[in-house]
Amino acid sequence: MSLSPTSDIVGASKKSGGLIGLLLVAVPVLLIGWMIIYPIIAAVITTLWLRNDAGAYVFSTQTYRFFFTDGYSLANLGLTLWTTVVCAIILLVVCLPIALYLRFATGRLAVYVQGLAIFPLFVPSIILSYAFIRVLGPNGMLDILLNAAHLPKIRSPYLTPWGPVIGLVWDHIPLTVLILMAGLGSVSDASIEAAKDVGAGPVTRLWYIILPRISNSILVAASFAVLGIFSAFTLPYVLGPAAPEMMGPFMQRTFRDLYDPPNAITQAVVSFGFCIVFGLFYVRSVVRNQRAR
Amino acid sequence: MAAATTYREPRRVDWAGIGFAVVLTLCIILPLLVVGTWAFANVWRYPSVLPQEFGLRYWNATLARADVWTAITTSISLAVVVTLISAIICLPAAFAFARLQFPGRSILFFSFLAGQAFPKFGLLVAIAGIFLQLNLIGNFWGVVLIQLVGTLLFMIWIPVAAFQGVDRRMEEAARDVGASPLRVFWSITLPQAGPTIGAAVLLTFVNTFYETEGAWLIGAPAIRTMPVLMISFINNQPVIQYGAVLSVLLWIPSFFALLFARRVISGGSFARGFGA
């Protein structure tokens, strides 16, 4: 999808093409400027320049000092970091074998496995939350089956930190598998065969041939997961514990229920800060891929 | 002939595939089947493995609720309005990015990635801070705006690829025999780019229909879409079947996306759009 050179086939002459082009893209570009770039800059400025008693705006780190000294805010941040790291690790451990299998397998069973791995894309997270509660919640399907087998009930992960972890992993499987599979597409059959011929076992082939070639895809998949999970809202709000809570529900509650936009925006800027490395890496990879084609 | 069949190498059993298929079926399909079963259960008391009585009682009860109908109409009108506006402003822009030369073309094209570098809900809170001053909180058009911004990337990038995939020689040939630019666009360009653009429009509609976080943060309590109503069913509704029936209703748009847009998503270009 790289931007190939254009020509004036569609009727616009070279001279007016520039103006017409700019006019055609103006509205969406202005929307991005007004609703993405301006709010981010405004969020940083309004949380650092606060109005003092005299009504003048002065530089102050007060809201950030509050966030980083408040035990509850820190507990929420800690839970968010824990959830993000645990989800990212589980996602890679679950999705890498699936992607590896799909890269090398053929036949109808592989098509079925791929269909299943992509299927969660077509299940909105709110339906997933509901299904989670009906299966893993108290007296859910799992309890029913365990009871039928005369086994004790499980300790339900519903409303514990593991609730959002399970939901978020489920939700992120398709895109993680797709990104890893796209990376594995660049591992040639010839290099695998060559390693096989010189007697390399499966583990050696994975470690020395495959992993080095897809390390970038793994980082992209991990960054994408981190960006999605760090400020997830719906799944932690519905499935997670009431306190401490993840940053998404915390921001929402601070903004809407406590009517405290300055502190909510401070929390947003803090989450920008924690994700910025992953965000920039992710965007850089997308841009590089687009330019390569 | 007979020898060939007799001595065929025995097929190796694909144990890994069987393992993945079983585990994924249990983890991905089973939970959804449970919800589907609840929607058609008139009576299902613990610890019975199957419902004591199947039936449509709760479909009638759910569809008789005023809040469900309000949510359905709100969701559909929001998704239609957002998709329409998005198509009107994005498709000409996509055409310009694909075909016209103008200053800053590349940087403007990549500017649509700006939102991708930040955690989404943090961004929504930052936008909500702006909307607060503009009185757009709890307002239909506030929700339209915030959902519209979420559609821009897909509605520009996928159609740009579609317009660039059109065979330019056919357009040139049509021009050579005297077709007007508009005629060329209508008869040559659009039919070739159409299916992919159609998939982009469908995905935009479906994604908007399910957009929960912006609607919840900006729209509540005045604007209640179906996903927002579903959250309140999960939190406050003791009758399990209402949520199950709403889940099945809620899944219908996804079903259409599954039917018509799967090809676009399974293709490599979709994953590459995510930076793979």
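Residues are numbered from 1 along each chain as its sequence is written, and chains are lettered from A in the order in which they are written. Because the model is predicted, local features need pLDDT of at least 70 and side-chain atom pairs count only at pLDDT 80 or more, while totals for chains, interfaces and linings use all residues.

**Exercise 1.** Determine how many helices and strands chain B has, and whether chain B is spread out or compact.

*Solution.* Step 1: helices (H or I, at least four residues) and strands (E, at least two) are DSSP runs, numbered from the N terminus. On this basis chain B has 13 helices and two strands.
Step 1: the radius of gyration is taken over C-alpha atoms, and the globule rule is 2.2 Å times the number of residues to the power 0.38. For 276 residues the rule gives 19 Å; chain B has 24 Å, well over that value, so chain B is more spread out than a compact globule.
Step 2: the C-alpha trace of chain B spans about 80 × 75 × 35 Å along its principal axes.

**Exercise 2.** Describe which residues form the contact between chain B and chain A.

*Solution.* Step 1: two residues are in contact if their C-beta atoms, placed from the backbone, lie within 7 Å. By this criterion, 92 residues of chain B are in contact with 93 residues of chain A.
Step 1: helix α2 (residues 15-39) of chain B supplies the largest share of the side of chain B that touches chain A, namely twelve residues.
Step 2: that side of chain B comprises 64 nonpolar residues (Ala, Val, Leu, Ile, Met, Phe, Trp, Tyr, Cys and Pro), ten charged residues (Asp, Glu, Lys and Arg) and 18 polar residues (the others, Gly among them).

**Exercise 3.** Locate B:N135 and state its phi and whether it is buried or exposed.

*Solution.* Step 1: B:N135 lies in the loop between α6 (120-133) and α7 (140-164) of chain B.
Step 1: its phi is near 60 degrees, a positive value in a residue other than glycine. Most residues other than glycine have a negative phi.
Step 2: a residue is buried if 20 or more other C-beta atoms, placed from the backbone, lie within 10 Å of its own, exposed if 12 or fewer, and partly exposed in between. B:N135 has 9 other C-beta atoms within 10 Å, so B:N135 is exposed.
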